[in-house]
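Here's a quick briefing on charges, rings and surface in the model below. Have the viewer open as you read.

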Amino acid sequence: MIAYLLVSALALSLCFYFFSLYRNRQRIRVLSKAITSLLFVAIAVAACWVADADRHYFIYLLIALALCTFGDVFLEISKTDELGINYFIYALISFFSANVAFLILFCSIAGVFPLDFFVSAAVLALLALGARLLRIDFLNMHSYVTAYALTAIFMFVKSLSLLYGAGAHLMRNQLVALGGGLFFLSNLLYAFYLFLPRARNRTMEGVGAAVYYTGQTLIALSILFAG
């Protein structure tokens, strides 16, 4: 099936990204990151074509994944460009918008429950406590990071709420819940990499990328089961 062949292509492209990461090949890093991200968009398109998926589900997921692709490219450029802070903000805006698209889709499927807000508040409190204990310095970007964190947390919680709000037995919801969890975990890993100097190493960056792309691939594959 073409969607699974594209998953193999994504894994290969990710290996090139790891190579460029550890060899510090900046141009190859940006290019391989862009190609790898475009591949999870291609997986979503192929999955829709093969499975004749629900168009509403596909369109919102495609918008979210496309915005994540822009975010990935901006984020990678921010590591090498002199105006890195500007590109980092562009990346945050892209991922923020992607989370909003994910949220609109998930809320349209499962609705909104009071438990969603309680769990989101608990996760936010735990993250705030962790940031304080680790003495994380957000480099004068606290407002940007907070705004993004709110959408990221709620997107994560809503991906899980599909299990109890729209059927835990459905493969689509299982893939989205697992993919959303990995996406959120990758956010935490990159936050450690960026704002915690002792965690700023290539291993942390590589693990974060592997977790991120696994999550996005699972979310894209969920379209196969969204008929």
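F154 is buried, at 16% relative accessible area; buried here means under 20%, exposed over 50%, and partly exposed in between, using a 1.4 Å probe and protein chains only. This is a predicted model, in which local features need pLDDT of at least 70, side-chain atom pairs count only at pLDDT 80 or more, and totals for chains, interfaces and linings use all residues. Residues are numbered from 1 along each chain as its sequence is written, and side-chain values use heavy atoms, with hydrogens and water left out.

**Aromatic pairs**

- A search of the whole structure turns up 17 aromatic pairs. The rings of Phe, Tyr and Trp (its six-membered ring) pair if their centres lie within 6.5 Å, and planes under 30 degrees apart count as stacked, over 60 as edge-to-face and the rest as tilted.
- One of them is F74 with Y87, a tilted pair at 6.2 Å centre to centre with 35° between the planes. F74 sits in helix 3 and Y87 in helix 4 (residues 84-110), so this pair ties together parts 13 residues apart in sequence. Helices are DSSP runs (H or I, at least four residues), numbered from the N terminus.
- Both partners are partly exposed: F74 has a relative accessible area of 23%, and Y87 has 24%.
- F154 pairs with F117: the ring centres are 5.5 Å apart and the planes are at 25°, so this pair is stacked. F117 belongs to helix 5 (residues 114-134) and F154 to helix 6 (residues 142-165), so the pair ties together parts that are 37 residues apart in sequence.
- Ring pairs also link F40, F95, F102, F106, F183, Y212 and Y213 into a cluster.

**Salt bridges**

- Side chains of opposite charge can pair when their charged atoms come close.
- The structure holds 5 salt bridges, each being a side-chain nitrogen of Lys or Arg within 4 Å of a carboxyl oxygen of Asp or Glu.
- K33 bridges to E76, with the closest N and O atoms 3.0 Å apart. That pair links distant parts of the chain, with K33 in helix 2 and E76 in helix 3, 43 residues apart.
- R55 and D52 form another bridge, their closest N and O atoms being 3.6 Å apart. R55 is partly exposed at 45% relative accessible area, whereas D52 is exposed at 56%.
- D116 pairs with K158, the closest N and O atoms being 2.9 Å apart. D116 is in helix 5 and K158 in helix 6, so the bridge ties together parts that are 42 residues apart in sequence.
- D116 is buried at 0% relative accessible area, and K158 is buried at 0% as well. Elsewhere, salt bridges that share partners join R29, K33, E76 and E205 into one network.

**A buried aspartate**

- D72 lies in helix 3 (residues 55-78). Leaving aside neighbours within four places in sequence, D72 is in contact (heavy atoms within 4.5 Å) with K33, S37, F40, F95, Y212 and Y213.
- Among those contacts, F40, F95, Y212 and Y213 also belong to the ring cluster.

**Surface**

- M1, I2, Y4, W49, V50, M171 and F225 make a nonpolar surface patch of about 740 Å². Patch members have over 30% relative accessible area and no salt bridge; nonpolar side chains (Val, Leu, Ile, Met, Phe, Trp, Tyr) are joined within 5 Å, and like charges within 9 Å. Areas come from the Shrake-Rupley method with a 1.4 Å probe; for residues, only the protein chains shown count as cover.
- Helix 1 (2-23) and helix 2 (26-51) each supply at least two residues of that patch.
- M1 is placed in the segment before helix 1 and counts as exposed at 53% relative accessibility.
- R27, in helix 2, is exposed with a relative accessible area of 79%. R27 and I77 are 50 residues apart in sequence and 9.1 Å apart in space, C-alpha to C-alpha.
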